[in-house]
Amino acid sequence: GDWKVGFSARGGFLAPAFAGDGVATWAPPGESGLARWLDEIQVRELEPELHPEVIGGWWFPEDASVDARRLTCTLRAACVTLGATLQMSPSHKVTSLELRDGHCHAVHLANRRTLTPRTVLLANGAWMRDLLPVPVVPHKGQSLSLRCPADNPSLLRRTLFAQDTYIVPKGDGRIVIGATVEPGDFSPDVTAAGMMHVIGAACGLVPALADLAVEEAW
């Protein structure tokens with residue numbers, strides 16, 4: 001099968017800063033890897049399309065990215081290849097855990113089946129609070145992708161992380177931008193306000209994005 005995960009290491013990540021914003025007054029912790037502060041001239045040598053008021057930025061030359069969808073498909077294929085059985089239908093939804101003495105002894109499913117595995121790994125994010133008494137709060141994030149024109153596929157070369165936006169160019173000509181941060185919201189809906197926030201923040205960092213076509217929103 002196709003094991004490509006959309007890995008990209010084109011020039012690392014760049015965190016551009018405007019005067020007085022959170023990036024301009026921040027310094028990366030030592031454990032974050034190699035990082036260099038670049039002045040306003042140096043950041044534009046890396047990314048000429050940055051807004052004229054960007055005063056500099058932190059460059060992380062060793063960072064890379066993957067395509068989340070491709071990575072998920074590849075992980076699924078790898079699990080099946082190694083003999084895992086994937087049960088993802090609504091009837092296999094976990095409805096409760098049987099906990100005793102600090103251990104999980106059984107997993108109850110929506111189809112009334114009960115599983116008794118040796119090990120249980122709970123990785124359902126904000127929905128964990130449906131199974132355990134933990135104070136987990138969902139944070140909804142709306143994002144979208146733009147399509148670079150065929151005559152200018154290299155509008156951006158590297159991932160940008162600014163105070164209110166991230167912008168990730170992909171190898172297939174898409175540019176993924178995001179994201180809203182909406183605490184307490186499980187809704188899958190894409191809203192006008194959410195898209196306005198995402199587009200406004202991204203175009204405020206890279207004005208040329210305003211001319212690109214919107215390909216998808218989620």
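The model is predicted, with local features requiring pLDDT of at least 70 and side-chain atom pairs pLDDT 80 or more, while totals for chains, interfaces and linings use all residues. Residues are numbered from 1 along each chain as its sequence is written, and side-chain values use heavy atoms, without hydrogens and water.

S65 is located in the loop between β3 (54–60) and α2 (helices, H or I, at least four residues, and strands, E, at least two, are DSSP runs numbered from the N terminus). Beyond neighbours within four places in sequence, S65 contacts G6, F7, S8, F13, T159 and V168 (heavy atoms within 4.5 Å). The C-alpha atoms of S65 and K170 lie 9.0 Å apart, at a sequence separation of 105 residues.

K170 is also among the residues lining the second largest pocket, together with V66, D67, A68, R69, R174, V176 and W218 (a pocket is an open set of points on a 1 Å grid over the protein atoms alone where a 1.4 Å probe fits, with protein on both sides within 12 Å along at least five of seven lines; lining residues have an atom within 4 Å of a point). Two or more of the lining residues come from each of α2 (68–81) and β11 (174–178). The lining comprises four nonpolar, no polar and four charged residues (Ala, Val, Leu, Ile, Met, Phe, Trp, Tyr, Cys and Pro count as nonpolar, Asp, Glu, Lys and Arg as charged, the others, Gly among them, as polar).
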